[in-house]
Amino acid sequence: MSELRQQRLKKLCSDTHIIGALAIDQRGALRRMLGDGATNEQLAAFKVLVSQYLTPNASSILLDPEVGWNAASQRAPNAGLLMAYEKTGYDKTVPGRYPDLIDDVSVYRLKEKGADGVKLLLYIDIDEGKAVNDVKEAFVERVASECKAEEMPFFLELVSYDANVSDPKEYAKLKPRKVIEAMKLFSQPRFGVDVLKVEVPVNMNYVEGYGEEVVHTQAQAKAFFKEQSDATNTPFIFLSAGVSSELFNETLRFAKAAGSHFNGVLCGRATWAGAVDVFKNEGEDAARAWLETQGRANIEALNAVLNENATPIKL
């Protein structure tokens with residue numbers, strides 16, 4: 001990594017080189033949470049509130065260039081800026097969940113507008129076959145080349161799925177291998193990834209002691225966390241996947257106890273989701289009050305867990 005790229009990555013980390021980043025690059029998901037009639041102006045206004053009130057306690061914030069630039073300008077001085085590069089969602093009429101980039105955006109343009117790093121989301125079923133996955137691999141290689149040319153840190157977010165299995169319990173049985181094998185693949189040098197943003201390797205709702213139905217014992221789940229950590233030499237951080245703040249914090253403690261050397265989080269809804277209904281039903285002032293109290297408490301609790309359990313990135 002060049003010195004300039006390393007300096008930019010440091011801006012996204014805490015003083016102790018742990019990534020405690022706030023994710024609010026959601027577009028389609030946030031619109032559904034606010035109601036299908038939500039306007040871009042409403043999405044942008046909500047993101048501004050989250051940025052204003054939560055970034056003082058975050059190492060960085062992940063936003064999108066479609067409705068997120070106002071929020072980027074309102075972040076705290078201590079918080080670095082990571083910007084999403086992909087369009088939200090995927091074309092459901094075409095098998096494969098292929099990624100696509102925002103039409104009027106480039107890594108160069110993100111850099112020029114003040115981003116410290118670039119994030120790409122990739123839906124990946126490691127078993128879907130070469131015809132699909134080779135296209136995705138080439139796609140990631142192209143984005144990596146852009147990031148290298150502009151000396152921008154490249155965060156690759158991997159979200160696993162199975163093309164033929166949608167039942168949550170059945171997928172919980174498949175998830176560990178899907179997540180771990182995808183991490184192994186995209187840790188190869190040809191993909192130029194600086195930080196992997198990944199799911200935890202199990203669905204904690206199906207782990208003994210965490211949910212009513214058990215797919216994995218705690219011993220099995222810990223083994224998967226350890227295997228995941230050992231599968232890559234690339235720094236990796238966990239996404240919250242929409243679970244509650246309490247469950248996410250418990251999951252991070254569980255990961256550490258299992259021997260995982262994760263380097264932080266990019267945490268979204270687990271921190272701020274409770275403000276959405278308040279914003280929708282009671283307005284901006286009420287949402288501001290929620291973020292100042294419960295939202296701040298959520299992120300402070302998360303930071304305490306990170307300080308005790310995350311592994312600093314070697315920079």
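1. Start with helix α7. This helix supplies 4 residues to the lining of the largest cavity, the largest share. The model is a predicted one, and the points below should be read that way.

2. The cavity itself. The structure holds 1 cavity of 30 Å³ or more. The volume of the largest cavity is about 40 Å³. Two elements give two or more residues to its lining: β5 (154-160) and α7 (168-186).

3. Who lines the cavity. The residues are I124, L158, V159, S160, K178, V179, A182, M183, V198 and E199. Sorted by class, 7 are nonpolar, 1 is polar and 2 are charged.

4. Strand β5 against β6. These strands run parallel and are joined by 4 bridges. L158 sits opposite V198 in β6. The chain gets from β5 to β6 by way of α7, in a right-handed β-α-β crossover.

5. Strand β6, residues 195-198. V195 and K197 point one way, while L196 and V198 point the other way. In a regular strand, side chains alternate between the two faces of the sheet. Are these four residues of β6 buried or exposed? V195, L196, K197 and V198 are all buried. Note that this includes the lysine, K197.

6. Strand β6 against β7. Here the pairing is parallel too, over 3 bridges, with β7 spanning residues 236-239. K197 has I237 in β7 as its bridge partner. Between β6 and β7 the chain passes through helix α8 (residues 218-230), and this β-α-β crossover is right-handed.

Methods. Residues numbered from 1 in each chain as written. Predicted model: local features only at pLDDT ≥ 70, side-chain atom pairs only at ≥ 80, totals over all residues. Heavy atoms only, no water. 1 Å grid on protein atoms, 1.4 Å probe; cavity = no way out; pocket = protein on both sides within 12 Å on 5 of 7 lines; lining within 4 Å. Points joined across faces, edges and corners; volume = space filled by probe spheres on them. Nonpolar A, V, L, I, M, F, W, Y, C, P; charged D, E, K, R; others polar. Buried < 20%, exposed > 50% of the residue type's maximum accessible area, 1.4 Å probe, protein only. Pairing = 2+ DSSP bridges. Right-handed = clockwise from strand over helix to strand, strands pointing away.
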